[in-house]
Amino acid sequence: MRILIRQQAADGTWKETICEGSRLTLGRATQQMLQLPGLMVALEHAELQMAGAGHYRLSSKALTGVEFEGRTGVREAIVSTGSEFVLGGHQLRIETPTPGFDLLVVVTLASTGQAVSRAPARLDLDSGGLSKRRPALALVVALLVLGLLIPLVLIAVGRPAMLSSILPTDMAWSSGPVTSSHAHFGGDCQACHATPFRSIQDTSCTSCHADIKHHSDHPGIGDLPGFKDRRCADCHQEHRGEAALISQNPALCTGCHARPETLAGFDGMPPVKDFRREHPAFRYTVSILSADGSTLKETRVKAGADGKVQDVSGSLFPHDSHVAAAGIKGPNGNEKLVCSSCHVADTAKAGFRDLDFQKHCQRCHELKLVTPERTLELPHGQNDASRFLVEMFYVPSVRQQAATAAASEAATPDGDGNRRRIGDAGGNAASPEPVSTGPDSRTLVSEVFEYQVCGKCHLIDNTGEHPKVIPPKLRHTWLPAARFSHAPHNAVPCSDCHQVGKSLTETDLNLPGIETCRQCHAGTHDQDGVESTCVSCHAMHRADQQLMSKAPDTAAPVSASALLPASPTTGAAP
Amino acid sequence: MATDNASSSTADEVAGHSSHLIYRNYFYAKVAGALVALALLIYLLYDPLHGHSGSTWLGYTLGTISFGLMVWLAWFGVRKRQFQTGRGSVRAWVSAHVYLGMALLVTATLHSGFHFSFNLHTVAYVLLCAVVVSGLYGILVYSILPRRITENRRDLPPRAMLAEIYRLDDTALRLADKVSPEIHAIVSRSVANVRIGGSAWQQITGRYEGRNDRGLRVLAEKRSDQLRREAGKGKALLSTQALDRLETVVVMADQLFESKQRNQADEIKRILDMLSQRKALVERLNHDVTLRARLNVWLYLHVPLTVGLLVAVLAHVIAVFYYF
């Protein structure tokens with residue numbers, strides 16, 4: 001084959017050599033067709049032979065071989081036009097032979113200066129391939145793009161569902177999961193964080209919680225440090241679990257209530273620190289009879305010295321006789337009544353269903369008026385109808401009886417032999433007594449209402465034209481400022497808290513005092529009782545106050561004195 | 001070892017060297033300790049309504065302190081390159097950097113209130129931990145390895161070792177060229193196959209492709225086989241185990257060559273000497289490379305992670321105030 005060798009000299013000029021032969025010999029020896037300098041080149045280093053069109057076989061006799069395609073020590077290889085190999089540090093490239101030649105080799109000699117040319121030794125980590133800049137840049141880009149840019153872009157385009165499921169969203173900025181009650185919109189941060197770089201405003205909360213009420217409508221409350229410029233989010237914190245969203249921490253309450261003397265306008269309040277250690281005695285909302293005896297009025301009282309509270313409910317019901325251990329006489333003989341005979345739990349078992357005369361009382365208390373002609377059964381709860389029946393049927397009957405009795409008395413000789421005629425009043429001829437027709441209708445009606453029937457169990461209002469039963473005030477709760485449910489107490493016997501066996505008067509309110517509750521309920525952080533914080537029994541947002549979404553109604557101020565405890569015995573406000 | 005320590009500490013005193021860790025009687029350790037103690041004390045005494053978090057006043061304070069510390073700690077990279085304009089000695093900066101860097105881990109953890117979750121904020125915290133831990137590794141190796149490097153070098157710096165290796169290569173090749181093509185081939189292969197340094201992984205593990213002693217072994221094998229045949233004794237003069245123990249090989253080969261080829265004995269002996277010297281030097285140089293790699297590898301984590309951390313904290317602050 002005809003071989004053309006192009007070699008670049010040290011001065012940069014190209015030298016061409018032409019030779020012929022069956023193979024091209026390469027090496028350091030002078031007789032080699034392509035002589036290459038350098039001690040790393042063996043005297044007879046390698047040979048190139050034709051191996052087909054454009055392909056050549058390279059074979060190396062030297063132990064060091066050639067460096068070809070990234071491998072060193074190659075002894076045999078097929079090289080083709082366009083490929084390169086390194087021999088003893090020199091670079092050789094096979095190129096397409098010019099016409100007339102079968103092999104074209106381009107030689108670039110290694111830079112001299114040493115007998116051996118070497119790749120630079122990698123003596124430190126930088127040359128070994130490690131870098132500080134590239135990873136730093138990659139990390140910066142990754143953090144900015146994944147941590148900030150993509151979430152911001154997704155916010156701007158409204159968080160499309162498909163993209164949001166595979167790309168990082170602003171959920172990556174969430175400091176913790178939302179509570180389960182908010183989880184159904186928890187993925188939409190703007191639902192609460194309405195304005196970027198602005199804290200959550202109350203409107204975000206009241207858009208759903210529209211009916212949340214104030215703690216107090218007292219106009220002075222807005223100036224107290226605990227309430228001034230407060231947002232919902234100051235006390236209700238999301239992303240930190242249930243306990244932070246609805247905090248049970250008593251410090252929220254005792255911050256003001258522990259030192260009411262420091263709060264202008266509220267200094268009459270009793271201090272409260274802890275249920276076990278410092279909590280005022282219960283104040284019960286009860287009824288008392290108005291001065292004129294016509295209605296019931298509401299007041300708040302503390303228990304008396306004997307620990308009892310009186311509630312003039314308008315219903316005169318003695319518990320002691322009804323639940324006596326020996327039983328009570330019923331229509332079918334002796335009956336033993338228990339609490340649940342009348343007090344039936346409601347569906348939630350939090351309280352009790354209304355007492356109902358028909359269901360609970362009428363079996364024994366029949367409201368009957370017996371006359372010789374008939375037995376009248378008065379309708380319960382209907383003053384006018386009852387009066388009508390009495391006037392229509394009972395009064396004439398009684399008067400008739402009275403007249404008959406008077407007449408028979410007149411006919412029967414009395415002590416001084418006077419005879420009386422029917423219709424005549426009794427008495428002697430000299431001073432004849434008027435004939436008795438019995439008591440008048442008004443008196444009879446009053447008797448029925450006040451003594452015979454209604455008044456046995458009810459208070460009667462006599463101030464009007466006709467006697468009326470004062471509608472009794474049977475409350476569901478006498479502690480309206482507290483939240484109490486019987487449901488968690490259902491395992492406790494009724495008599496543990498309600499001392500009805502010792503109830504001797506009909507106005508006894510047989511509710512427990514704080515000492516009864518303290519038998520089981522302890523304060524905050526106590527381990528030897530039911531841990532009870534303020535919100536265990538009290539609501540912060542009180543149902544009887546105004547909506548938080550409205551400003552308090554300053555036109556109707558509530559006086560602070562209305563919040564103060566009433567006198568324990570009379571129930572009248574101080 | 002005690003003697004070593006005593007002598008080396010005397011050497012330190014002579015050289016005026018003292019560890020940055022004990023700089024100024026542990027001054028910066030005390031400063032960092034005081035900062036940590038104060039932060040812990042306030043953290044334990046302050047009982048916020050909804051528990052500790054980054055958004056209490058203490059959380060904001062610790063967050064600001066941590067951020068400031070982070071920036072100042074990162075500035076060390078700038079300070080240590082300010083040879084003319086820098087203020088404060090670099091030793092003081094290093095000492096402060098180490099101790100305040102450890103304190104940063106505490107302040108940042110207290111700032112978080114131990115609230116961790118799969119979010120950007122915890123990513124920043126994890127980056128911080130990685131930075132500090134890599135730095136702790138750095139302190140550890142800096143207290144152990146420099147002495148070993150010095151002992152290994154024996155006053156010959158790496159570039160000088162490399163130059164000497166190259167010089168030995170060249171000389172051995174020239175000599176081998178004069179002896180025979182076979183010897184030259186073996187020596188040139190040995191020169192080509194020597195592994196000095198390598199990739200980052202090889203440097204750190206210290207495992208370089210160990211083919212640089214093969215030429216010596218091949219040479220000895222060839223000669224012993226040849227002489228065994230010629231001696232006709234049919235008994236192996238060199239056992240396989242002996243072949244593995246190169247020092248023995250060198251001695252034996254030396255004896256064999258002298259007996260057989262006196263005219264080339266000198267060259268061959270010199271070649272063998274050079275190859276063994278080179279082998280020892282290559283091992284020393286590679287050991288130096290390995291020790292220096294292990295001394296510096298942590299920086300390839302510490303520095304990029306610090307840059308990432310600064311960006312992550314920036315993103316953390318933006319995200320926190322975006323959804324304020």
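This is a predicted model: local features need pLDDT of at least 70, side-chain atom pairs count only at pLDDT 80 or more; totals for chains, interfaces and linings use all residues.
Local features were considered at pLDDT of at least 70 and side-chain atom pairs only at pLDDT 80 or more, whereas totals for chains, interfaces and linings use all residues. Residues are numbered from 1 along each chain as its sequence is written, chains are lettered from A in the order in which they are written, and side-chain values use heavy atoms, with hydrogens and water left out.

Chain B contains 13 helices and zero strands, where helices are DSSP runs of H or I of at least four residues and strands are runs of E of at least two, numbered from the N terminus. Of the 324 residues in chain B, 46% are buried (under 20% relative accessible area, with exposed meaning over 50% and partly exposed in between, for a 1.4 Å probe and protein chains only). Among the contacts of chain B with a separation of 6 or more, 75% join residues 24 or more positions apart, a contact being heavy atoms within 4.5 Å. The accessible surface of chain B is about 17,200 Å², and carbon and sulfur atoms contribute 60% of that area (Shrake-Rupley method, 1.4 Å probe).

Within chain B, helix α4 (residues 90-112) packs against helix α5 (residues 120-153) at an angle of about 150°, with the axes 10 Å apart; axes are lines fitted to C-alpha atoms over the stretch in contact, and angles run from 0 to 180 degrees between N-to-C directions. The two helices, α4(B) and α5(B), are therefore roughly antiparallel (over 145 degrees; under 35 is roughly parallel, 65 to 115 roughly perpendicular and the rest oblique). The contact involves, among others, V98(B), G101(B), M102(B) and L105(B) of α4(B), together with Y125(B), L128(B), C129(B) and V132(B) of α5(B).

In chain A, Q32(A) occupies the loop between β3 (23-27) and β4 (34-35) and is buried, with a relative accessible area of 9%. A polar atom of the Q32(A) side chain lies 3.3 Å from the backbone nitrogen of L26(A). Apart from neighbours within four places in sequence, Q32(A) is in contact with T25(A), L26(A), G27(A), L43(A), E44(A) and H45(A).

S341(A), by contrast, belongs to helix α8 (residues 339-342) of chain A and is partly exposed, with a relative accessible area of 31%. The C-alpha atom of S341(A) is separated by 34 Å from that of P280(A), a residue 61 residues apart from S341(A) along the chain.

How values were computed:
A polar contact is a pair of N or O atoms within 3.5 Å; within protein, one must be able to donate a hydrogen and the other to accept it, and residues adjacent in sequence count only if both atoms are side-chain atoms.
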